[in-house]
Amino acid sequence: MAKTGELLKAKDIIILDGGLGTELEFRGYDLSQDPLWSAGLVQRDPGALAAIHRSYLEAGADVITAATYQGSIGPMTEQLFAELVRIAVSTRDKFVQDHQAEIEFVGAPKRLGESLDSPTGDDVNDNINAPRRQQRKWPLVAVGMGPYGAYLGKGQEYTGDYGEVSKSTLIEFHRRKLEALTAEGIEPELLLFETIPNSLELAAIADLLQQQNQKQKQPTKVWLALSVRFDKNATPNGHNQVFLADGTPLTSAESSAASNSNSSLEPQFRALAPYISAIGVNCCPLDKVELALTELGAIFSQSSMSALSPTPPLLIAYPNSGEVYSGETKTWSLPTTQNNSKEGLGTGNAATCPNSATCNTNEANAEEDCGWDLAGNSQAWIRKGARIIGGCCRTRPADIAKLRKTIGDRLD
């Protein structure tokens, strides 16, 4: 796996992309009847996937995620799964090629696919006559490792309700995707296990990573984003406010860090600690991220965790718009009745605005009046230690562009 170290060292904040499947829906694609969701376009319209990847790169994303979230081996072939990664990589390479005149891209890892025909950013920089350009890190491509719940197809990634499933089944589900990449000669730049809602699945991922690392001289480090829910009755300073989507608390109020209690995720976190370089939450409401980051930061700063991994994992936050997903109808709806913004949250989308009854997304000053946009909330997450920030379902390129502008002084 290519190193992400250079990107992490050079940037205080790393910007992820936003929603992909929901962005396709914004652009007129009906994915509701396709069990592969956005991944199904790999054969029907791969150009649509490339166009959205390009939109996020143009908006300023440091990391784009291949459309592999809903892809799983069986419903799709190894070759098609790998092709989703190649589409993202080739789009990234073309973006770099097209912008080398005005942007110096540095820190390029070992790339997938064909090499660029034109000189790299470093080569261009050797030309003393070249005009001074802004500097930007080489964007990375993440392979989105969606949960077993996404494969089930009824919104179980938000409930963690997997029914009767064994750990071995969950290990094999994720292993086949890794093996598909290997069989197709793809060395991932970054693996992102995302929207993981089930405690047994976390244990399965830990076992799989341990098995994978036993085969390699250099440990594989992955990013992990959890699907969580929240206890509305918990006091602001109480324990167990944040739960995995299946109802397992992140930590036990009564147990110590060294406890082997099965009433929390502490055993899974200890098993995962040597193999994750970043952990956080995704596809949850904007206003709940800070609470989750607080709890995860506390867990992984404990001395018992430091013994397992000397460097604490970075914190990730990429929430959704605050809209609610129905696994039955495969649609999103607002908590309150309000029209969607045509441009994205950054222009005052009323999806999660507490003043949604009066929030006019068409007003020029809407984004100043509405404090519930992605970029505006990001400052609180940064104060809680978040280093990797982006958007998930129903967030759009405009949101990522505003995010980059808002925290740009930390980036370059």
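Helix 4 and helix 5 are oblique to each other, a class that takes the angles left over once those under 35 degrees (roughly parallel), over 145 (roughly antiparallel) and 65 to 115 (roughly perpendicular) are set aside. The model is predicted, so that local features need pLDDT of at least 70 and side-chain atom pairs count only at pLDDT 80 or more, while totals for chains, interfaces and linings use all residues. Residues are numbered from 1 along each chain as its sequence is written, and side-chain values use heavy atoms, with hydrogens and water left out.

**Helix 4 and helix 5**

- The axes of helix 4 (residues 46-59) and helix 5 (residues 78-99) come within 9 Å and cross at roughly 45°, where axes are lines fitted to C-alpha atoms over the stretch in contact and angles run from 0 to 180 degrees between N-to-C directions.
- Their crossing is right-handed, meaning that the near helix is turned clockwise from the far one by less than a right angle.
- Helix 4 contributes residues including Leu-49, His-53 and Leu-57 to the contact, and helix 5 contributes residues including Ile-87, Thr-91 and Phe-95, contact being defined as heavy atoms within 4.5 Å.

**Ile-400**

- Ile-400 sits in helix 15 (residues 397-406) and counts as buried because its relative accessibility is 0%, the classes being buried under 20% relative accessible area, exposed over 50% and partly exposed in between, with a 1.4 Å probe and protein chains only.
- Leu-16 is 384 residues away from Ile-400 along the chain, yet their C-alpha atoms are separated by 7.8 Å.
- Leaving aside residues up to four places away in sequence, Ile-400 touches several residues, among them Ile-15, Leu-16, Tyr-56, Leu-374 and Gly-390.

**Asp-373**

- Asp-373 lies in the loop between helix 13 (366-369) and helix 14 (374-383), and with a relative accessible area of 5% it is buried.
- The side chain of Asp-373 reaches the backbone nitrogen of Ala-375 at 3.3 Å, and a polar atom of that side chain lies 2.9 Å from the backbone nitrogen of Gly-376.

**Whole chain**

- The protein chain holds 15 helices and 14 strands, which are DSSP runs numbered from the N terminus (helices H or I, at least four residues; strands E, at least two).
- Of its 412 residues, 56% count as buried, and among contacts with a separation of 6 or more, 71% join residues 24 or more positions apart.

Methods. Polar contact = N/O pair within 3.5 Å; in protein donor to acceptor, adjacent residues only side chain to side chain.
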